[in-house]
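Please have the viewer open as you read.

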Amino acid sequence: MSCALGIDCGSTTVKGVLFDGERVVKQEIVFTRARPKERMAEIYSRLYTPAVCCTVTTGYGRALLPQADKTVTEITCHARGASFLHPHIGCVIDIGGQDCKAISLDSLGFVSDFAMNDKCAAGTGRFVEMMCRILDCPPDEIERLVSGASPVEITSMCTVFAESEIISLLADGCERGDIALGVIRSICRRTAYFAQKLHPEGQVFFSGGLAGHEVFRRELEGFLQLPVCVHELSQYAGAIGAALIGWEKLHRKG
Amino acid sequence: MKLIDTLPEVFESFNEQRKNSFITALQMKEQGIPFVGVFCTYLPQEIPMAMGAAVVGLCSMSGETIPDAEKDLPRNLCPLIKSSYGFAKTDKCPFFYFSDLIVGETTCDGKKKMYEYLAEFKPVYVMELPNSQSSDALELWKKEVIRFKEKLEQHFGTVITEEQVRQAVRLKNAERAALRDFYSLMKLNPAPMLGQDLYKVLYGSTFKFDKEALIKEMQELTAKVRAEYDPQNSPLKGRPRVLVTGSPIGGVTEKVIRALEDNGAQVVVFENCSGAKSIDEDVDADAADIYDALARRYLNIGCSCMTPNPNRIRLMNRLIDEYQVDAVVEVILQACHTYNVESLGIRRFVTGEKKLPYISVETDYSTSDTGQLNTRMAAFVEMI
Ligand code: SF4
Ligand code: SF4
């Protein structure tokens, strides 16, 4: 049995999956922590088996794995991975650690247009990390923190200013949960406006690490006015896309 | 008037290459050749050429002097405007330094306001370019062309005859034809060279003042490329063919072309200024009224400072077909409002009417976005 290996090296985490032509048979994830090359090597050695016939890398560190047979951008990989997890979607939104992308797909699941916000940390995972740090809330407790909260308005457009805004809101006695929900809404609003430039239609797939938090999905849906779906492997969408592309490369060769 | 013919005080601090271009310019000045510095494709170069002046392009393409410019100008302004102003202020550009007259036009808002400050320390003349291409506009532009001729006569104490203007038109037409023949080589499929090499030749040609020599050189180069063309064994086979449009590019913004071509695409034609926009059309040298012919030809240019701007679409439409273009990339300089706003219409035309992929990128003269540009262009190429 042969397999394809896909690795997505992002700024926050490195993800890898093994794909056997039908399904994802194994996945791994580690934090990047400023060492993309070492972390990619680590994921590679954890997933590599002699059955691996093709390795494809993606993400900002995609050029750093010497064993890779091919590198593909995260735009193409997220699109492929997402339409594998959820066929018939019209658009993919990925909120990554240092950028945010919206990709529209044609009826065959190929990229027809995309937009990237890569100039500014607002509206990216970095904004959420900052929020968690200031509010002293581990990421897996976000959901609990915001349940039943009524959001406060966050007006700052920039991560640096938003940080001081949060600090003064705390000083004013605002609830942590209310602030957190306010921050999440501001990220989702910005992401939705940005994605709307592509005039998305149909179902939207939400990929990347934040897709694991229901509150992000719900808020995004509210601002987009379109159904937003996620998958338990949402965070691996890029890696899955890379593995799929590797698999096709293998099979085109025969 | 006396021409500027001494070196600037900062000369000694320059590197070899820059010193050399100052020396070359100085030698021309010593032969009594006046320099007329220009910014924009709308300027009828034939008029200064008619009095034997060298027409030098002053659109600066490097970020080097932007910090100096930002002492006077807002930060959030097009880098081309800031950089040009900065070079003028610091005497770091030989062409600025030796320009006996600098001519601007009322094109975009940023430029026309910048000229007001430039005039405080350089001899500046501004032509009033209308913002539309109506018959009234043509009448005004024709008057402006004649007034410009009179300004040159008065400034340099000379007379420009109609015959000299016609001569210059013929020479300029021949130059345009030679450049056109060269870039038309890219109609071949596969293309005979990379877009970055084509661009270097086109950009370099604007710094060659001996037009006769330039024409000959271009003809030889065209013949050479044709002779060496080997479609069967071309390493450029099968690359998607890209048309580049938008703000003027060059220098640092060449990074976009490089990002495209490093990721497997092939730029086959430049619609921007320094590409087809400024070279495509000739002036009717035999027209009864040569000033009318000049005014018509130059007012026709499809720049985004015109409203509406149908000629840009018309030119793109033709180029897309002639060059068998697969995708369009628009490069917009940061804070360039006219091209930025017009990009919506260009996107609609390219994706709607021509059914081709389109992407626009906003960039400046820094290298800080090289990584992101690379990903963006790679993803775009994967999509074609
Ligand atoms: S883009 Fe427009 S304003 Fe700028 S040089 Fe070209 S014609 Fe002139
Ligand atoms: S690029 Fe745009 S803003 Fe800059 S000088 Fe040209 S027209 Fe003006």
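## A pair in chain B

How do the side chains of Glu271(B) and Lys277(B) meet? In this predicted model, they form a salt bridge, with 3.2 Å from N to O. Both partners are placed inside the protein: Glu271(B) is buried, and Lys277(B) is buried too.

This pair also belongs to a wider arrangement. Glu271(B) and Lys277(B) are linked with Arg312(B), Glu330(B) and Glu342(B) in a network of salt bridges.

## Other salt bridges

Over all chains, the whole structure holds 49 salt bridges.

Lys101(A) has a relative accessible area of 3%, so it is buried, given that the cut-off is under 20%. Asp94(A) has a relative accessibility of 4% and therefore counts as buried as well.

Back in chain B, a salt bridge joins the side chains of Lys354(B) and Asp321(B), at 3.0 Å from N to O. Lys354(B) sits in the loop between α15 and β8 of chain B, while Asp321(B) is part of helix α14 (residues 310-322) of chain B, so the pair ties together parts that are 33 residues apart in sequence. Asp321(B) counts as partly exposed because its relative accessibility is 48%.

## The largest pocket

Now for the open space. The largest pocket has a volume of about 1,500 Å³, and 46 residues line it. Nearest its centre lie Phe114(A), Ala115(A) and Lys197(A), along with Arg347(B) and Ser360(B).

Which elements supply at least two residues each to the lining of the largest pocket? From chain A there are β7 (100-105), β8 (111-117) and α6 (176-196), and from chain B there are α15 (337-353), β8 (358-363) and α16 (370-383). Sorted by class, the lining has 21 nonpolar, 13 polar and 12 charged residues.

## Around ligand 2

Which residues are around ligand 2? They are Cys78(B), Ile81(B), Cys108(B), Lys111(B), Ser247(B), Pro248(B), Leu333(B) and Cys336(B). By class, this shell around ligand 2 contains six nonpolar residues, one polar and one charged.

Key. Residues numbered from 1 in each chain as written. Chains lettered and ligands numbered in written order. Predicted model: local features only at pLDDT ≥ 70, side-chain atom pairs only at ≥ 80, totals over all residues. Heavy atoms only, no water. 1 Å grid on protein atoms, 1.4 Å probe; cavity = no way out; pocket = protein on both sides within 12 Å on 5 of 7 lines; lining within 4 Å. Points joined across faces, edges and corners; volume = space filled by probe spheres on them. Helix = DSSP H or I, 4+ residues; strand = E, 2+ residues; numbered from the N terminus. Nonpolar A, V, L, I, M, F, W, Y, C, P; charged D, E, K, R; others polar. Near = heavy atom within 4 Å. Salt bridge = Lys/Arg side-chain N within 4 Å of Asp/Glu carboxyl O. Buried < 20%, exposed > 50% of the residue type's maximum accessible area, 1.4 Å probe, protein only.
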